[in-house]
Amino acid sequence: MQDIRLAIFDWDGTLMDSVGRIVACVQGAARDCELAVPAPAQIRQIIGLSLGVAMSRLFPLCSGSGSGSGSGSGATSGERQIAALIDRYRHHYLHDATPSPLFAGAGELLHDWRSRGLQLAVATGKSRRGLDGVLDETGLRPLFVTSRGADEARSKPDPLMLEQILDELGLSPRQAVMIGDSVHDMAMAEAIAMPRIGVTWGVDSRDALSRHGPVAVVDSMTALRALL
């Protein structure tokens with residue numbers, strides 16, 4: 001991987017151990033909206049997607065509901081329910097006390113790669129507001145040359161956010177590598193023939209990640225750090 005000039009990271013489940021917090025907040029949102037509470041395994045499958053897509057997949061009866069009662073908004077009852085779920089999720093995320101630290105070794109890896117001249121970026125299912133919050137909270141913002149959130153492009157696995165990053169930096173897909181813990185990350189990079197590395201400490205298994213032809217699937221930050 002000698003020609004790689006840019007490493008693009010997913011955030012949740014790749015750099016930050018936030019899966020437990022996301023699960024708790026989705027379940028809290030479901031309870032607030034008086035809906036069946038999805039199991040952790042179901043929620044893990046949608047981590048990395050934009051919130052609208054994620055909630056629609058978790059609560060298909062809401063996304064498929066019919067028209068409302070003429071409130072003037074033009075939204076269907078299902079759309080209003082999905083919007084309510086997103087609102088309650090964001091509320092819980094601001095107040096939930098479930099720890100979400102960086103994975104051990106993540107900060108060191110980022111500082112090492114940046115010091116050696118590798119450009120770093122983020123492509124995440126978080127909103128811009130959510131991403132800005134964690135970049136400031138962790139103090140990692142100065143390490144990244146650019147980033148994209150889910151509200152600035154189409155949801156993964158659509159490759160638009162990767163294409164935007166490449167266009168901004170004037171690079172080709174072969175000059176970058178996507179690093180993520182989910183099949184959504186792998187499929188997004190696969191769609192534009194970008195090299196990709198799967199990590200097994202997040203939401204998806206080695207077997208699931210391997211189906212998308214990554215150059216490697218690693219089990220530790222140490223192993224990831226050695227690849228570039």
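The model is predicted, so local features need pLDDT of at least 70 and side-chain atom pairs count only at pLDDT 80 or more, while totals for chains, interfaces and linings use all residues. Residues are numbered from 1 along each chain as its sequence is written, and side-chain values use heavy atoms, with hydrogens and water left out.

Helix 1 covers residues 19–32; helices (H or I, at least four residues) and strands (E, at least two) are DSSP runs numbered from the N terminus. Its 14 residues reach 20 Å from the first C-alpha to the last, close to the 20 Å expected at 1.5 Å a residue, where the expected span is 1.5 Å times one less than the number of residues. Helix 1 is largely enclosed by the rest of the structure, because 10 of its 14 residues are buried. Buried means under 20% relative accessible area, exposed over 50%, and partly exposed in between (1.4 Å probe, protein chains only). Among the buried residues of helix 1 are Val 19, Ile 22, Cys 25 and Ala 29.

The buried residues of helix 1 pack against helix 2 (40–44), helix 3 (51–58) and helix 5 (77–95); contact means heavy atoms within 4.5 Å. The axes of helix 1 and helix 5 come within 8 Å and cross at roughly 130 degrees. That makes helix 1 oblique to helix 5. The contact includes Arg 21, Cys 25 and Asp 32 of helix 1, and Leu 85, Tyr 89 and His 92 of helix 5. Axes are lines fitted to C-alpha atoms, for helices over the stretch in contact, with angles from 0 to 180 degrees between N-to-C directions. Angles under 35 degrees count as roughly parallel, over 145 as roughly antiparallel, 65 to 115 as roughly perpendicular and the rest as oblique.

Cys 25 is buried at a relative accessible area of 0%, and Cys 33 is also buried, at 14%. The cysteine sulfur closest to that of Cys 25 belongs to Cys 33, 13 Å away and therefore too far for a bond. The count is 0 disulfides, a disulfide being a pair of cysteine sulfur atoms within 2.5 Å.

Just after helix 1, Glu 34 takes a positive phi of about 60 degrees. Glu 34 sits in the loop between helix 1 and helix 2 and is exposed, with a relative accessible area of 74%. Ala 193 also has a positive phi, about 55 degrees, although it is not a glycine. Ala 193 lies in the loop between helix 9 (183–190) and strand 5 (196–199) and is partly exposed at 40%. A cis peptide bond, with omega about 10 degrees, joins Lys 156 and Pro 157.
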